[in-house]
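Subject: Structure handover

Hello,

Here is the structure you asked to look at. Please open it first and keep it beside you while you read the notes below.

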Amino acid sequence: MTSASVLVLNGPNLGRLGSREPDVYGSGTLDDLRSILEADAPDGTTIDLRQTNDEAELISWLYEAVDSGTPVILNPAAFTHYSYALRDAAALVPKAGLALVEVHISNPHAREAFRHTSVISGVATGVIAGFGFDSYRLALTAITRLD
Ligand code: DQA
């Protein structure tokens, strides 16, 4: 793997992991997730994990990934289901030759009907959903293998 860094971007309400619907999302926090990914990351690879409730900020981080040549693990959270603005920004990442892996902690297809649509998947390099925090670990492995 040649990338020095992987951006792990998390959308709205994921800052509440640990206390938010633990029956759906588990009891781990984003800090726990960061530690897990740092332990998994190949030597010399930095995990840059961020969370925002702000669509504009998430879009600006995708631009940053493109400009810095950094692959992305993206959990768009509820933006998954309706944000064409996020989709258009996400599309720039694979167009720049960088991996963009869409992840979900839960399996949205096994939940309410509005979660069955992802406007992001069509521009992602790949999608991993339903494995809890392991969705992110599998995404990191995929990025490592692609690079
Ligand atoms: C989620 C699934 C989305 O439907 C939901 O809005 C989230 C989290 C997941 O990781 O399972 O906030 O992306």
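In which helix does Tyr25 lie? Tyr25 is part of helix H1, which covers residues 22-25. Please keep in mind that this is a predicted model.

I started with Tyr25 because the UniProt record, in an unreviewed entry, lists Tyr25 and His104 under "active site". The two positions are spread over 80 residues of sequence, yet they cluster in space, with a largest C-alpha distance of 9.5 Å. Both Tyr25 and His104 belong to the lining of the largest cavity.

Is Tyr25 buried or exposed? Its relative accessibility is 9%, and buried means under 20%, so Tyr25 counts as buried. With neighbours within four places in sequence left aside, Tyr25 is in contact with Leu17, Arg20, Ile105, Ser106, Arg111 and Arg115.

His104 is found in strand S4. Its relative accessible area is 7%, so His104 is buried by the same cut-off of 20%. Residues up to four places away in sequence not counted, His104 touches Asn75, Pro76, Thr80, Ile128, Ala129, Gly130, Phe131 and Ser135. The side chain of His104 also makes a polar contact of 2.7 Å with the side chain of Glu102.

Next, strand S4 as a whole. How many of its five residues are buried? The count is five of five, so the strand is mostly covered. In a regular strand, side chains alternate between the two faces of the sheet. In S4, Leu100, Glu102 and His104 point one way, while Val101 and Val103 point the other way, and all are buried. S4 pairs with strand S3 (residues 72-75) in the parallel sense, over three bridges. Within this pairing, Val72 has Leu100 of S4 as its bridge partner.

Nonpolar side chains tend to be buried together in soluble globular proteins. The largest nonpolar core here has 23 residues, and the members that touch the most others are Val8, Leu37, Ile47, Ile73 and Tyr136. Two or more residues each come from strand S1 (5-10), helix H2 (30-40), strand S2 (46-51), strand S4 (100-104) and helix H5 (134-146). H5 gives the most, with four residues. A second, separate core has 21 residues, including Ala89, Ala91, Leu98 and Ala124.

Setting aside neighbours within four places in sequence, Ile73 is in contact with Val6, Leu7, Val8, Leu9, Val101, Val103, Tyr136, Ala139, Leu140 and Ile143.

Gln51 has 24% relative accessibility, which lies between the limits of 20% and 50%, so Gln51 counts as partly exposed. Gly26 is 25 residues from Gln51 along the chain, and their C-alpha atoms are separated by 17 Å.

Regards

Conventions:
Residues numbered from 1 in each chain as written. Predicted model: local features only at pLDDT ≥ 70, side-chain atom pairs only at ≥ 80, totals over all residues. Heavy atoms only, no water. Core = buried A, V, L, I, M, F, W, Y, C linked by side-chain atoms within 4.5 Å. Buried < 20%, exposed > 50% of the residue type's maximum accessible area, 1.4 Å probe, protein only. Contact = heavy atoms within 4.5 Å. UniProt positions renumbered as here; feature names shortened; annotations may be inferred. 1 Å grid on protein atoms, 1.4 Å probe; cavity = no way out; pocket = protein on both sides within 12 Å on 5 of 7 lines; lining within 4 Å. Polar contact = N/O pair within 3.5 Å; in protein donor to acceptor, adjacent residues only side chain to side chain. Pairing = 2+ DSSP bridges.
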